[in-house]
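This briefing is meant to be read alongside the sequence and the coordinates.

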Amino acid sequence: MLLRKPSSTDIPSSEITPESAFRAAQQSQTTRRRFLASAIAVGVGGAATQLPHLLHPASVLADTQKLNTVPSAYAVPDTQTPFGKATTYNNFYEFGTDKSDPARNAHTLQTRPWTVQITGMVKKPLTLDIDSLLRYRPIESRVYRHRCVEAWSMVIPWDGYSLSELIKFCEPLPSAKYVQFVSDVNRQQMPELPGGFDWPYSEGLRMDEAMNPLALLTFGCYGSTLPNQNGAPIRVVLPWKYGFKSAKSIVKIHFTDKQPKTTWNEMASNEYGFYSNVNPSVDHPRWSQAHERRIDSSAFPRTIPTQPFNGYADQVASLYAGMDLKKFY
């Protein structure tokens, strides 16, 4: 019988990796390589910015219901942003500060029952049920440009009716010069609520801005009720202003004779003005506003010039006649 003499280079059997562990390690390496390859394809560190629809599948969306909508004259010809991108790349800090957080976390928001309080300088303060508000006027489908202060933009079909219709119903007093929107804050339903903010979130408009036909009281998008991460069940959309002006998940509408405090203006007034009209000639202190990244159906966002008032100057510029728009930014 032949006996093999151990070599000094032989590895003891106790140190040999078991086959099951070796295969698991191979699988892990394969997964890692695929991830790195996809990251490199869109630019390392920029995957969420460049291709949010690939990172956050539609399965994370909240349940929505179809709306009966009527056509509207308010529709831009721009290519629309796909639903999957518009609903997975969001700012909604109540559910986290990363763009992907709202789609992942906002399922905890309970949108029924839901009421909106009408308070302040009105003939008759009252509380309105969300479903009564939905039935009050025909729901229009309006395709709006939507511009974020962070220099990215989308084109979204929003569903609602002019905010002016509700304001007229509320009968504000002649002394009411501003309208304030207060968002919901519920720590049980918003476990990711970040510190450092004076919650609840609030925004506001001058009364003539709120009465402009473009100001949309919004209940849905893409023909269905709003996904939670997009501000369900009721928000405003102001297409000529930066996105943070469009308050989400509204629970109170307050009429006042004084300019109301608004969340971002209170946080950093040098960066976020009360008016916040889209203005390519007024830069954010930390970046230019002259261009924007349009998120549409293409694989990579296109960089395009930013238009004054986001392209709605014909409809809204007269609201600010005589104002220094660099001072009142």
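Helix α6 (residues 130-136) makes the greatest contribution to the lining of the second largest pocket, supplying three residues. The model discussed here is a predicted one, and the protein in it has ten helices and 13 strands. Of its 329 residues, 50% count as buried.

**Pockets**

- The second largest pocket holds about 280 Å³ of space, and among the 15 residues that line this pocket, Asp63, Thr111, Arg112, Thr225 and Leu226 are the closest to its centre.
- Sorted by class, the lining of the second largest pocket consists of seven nonpolar, five polar and three charged residues.
- Strand β5 (residues 152-162) provides the largest share of the lining of the largest pocket, namely four residues, while the lining as a whole divides into 18 nonpolar, seven polar and four charged residues.

**Core, contacts and surface**

- The largest nonpolar core comprises 75 residues, and those that touch the most other members are Leu163, Phe181, Phe219, Ile234, Trp240, Ile253 and Phe255.
- Strand β5 gives the most to this core, with six residues, and β5 is also the element with the largest share in the lining of the largest pocket.
- Ile253, one of the core residues named above, touches Val116, Gln117, Ile118, Thr119, Leu166, Val179, Gln180 and Phe181 when residues up to four places away in sequence are not counted.
- Among the contacts in the protein with a separation of 6 or more, 72% are between residues 24 or more positions apart.
- The accessible surface of the protein amounts to about 16700 Å², and carbon and sulfur atoms account for 53% of that area.

- Met267 is found in helix α9 (residues 263-267), and it is partly exposed because its relative accessible area of 40% falls between the limits of 20% for buried and 50% for exposed residues.
- Once neighbours within four places in sequence are left aside, Met267 is in contact with Gly196 and Phe197.
- Although Met267 and Phe197 are 70 residues apart along the chain, their C-alpha atoms are separated by 7.6 Å.

**Backbone geometry**

- Most peptide bonds are trans, and most residues other than glycine have a negative phi.
- A cis peptide bond with omega of about 5 degrees joins Trp199 and Pro200, and Pro200 is placed in the loop between β6 (178-183) and β7 (202-206).
- Ala232 and Pro233 are likewise joined by a cis peptide bond, here with omega of about -5 degrees, and the place of Pro233 is in the loop between β9 (224-225) and β10 (235-237).
- Tyr222, a residue other than glycine, has a positive phi near 55 degrees and is located in the loop between β8 (216-221) and β9.
- Ser276 is not a glycine either, yet its phi is positive at about 55 degrees, and this residue lies in the loop between α9 and β12 (291-294).
- Ser276 counts as buried because its relative accessibility of 3% is under the 20% limit.

Terms used
Residues numbered from 1 in each chain as written. Predicted model: local features only at pLDDT ≥ 70, side-chain atom pairs only at ≥ 80, totals over all residues. Heavy atoms only, no water. Helix = DSSP H or I, 4+ residues; strand = E, 2+ residues; numbered from the N terminus. Nonpolar A, V, L, I, M, F, W, Y, C, P; charged D, E, K, R; others polar. 1 Å grid on protein atoms, 1.4 Å probe; cavity = no way out; pocket = protein on both sides within 12 Å on 5 of 7 lines; lining within 4 Å. Points joined across faces, edges and corners; volume = space filled by probe spheres on them. Core = buried A, V, L, I, M, F, W, Y, C linked by side-chain atoms within 4.5 Å. Buried < 20%, exposed > 50% of the residue type's maximum accessible area, 1.4 Å probe, protein only. Contact = heavy atoms within 4.5 Å. Areas by Shrake-Rupley, 256 points an atom, 1.4 Å probe, with all protein chains shown as cover.
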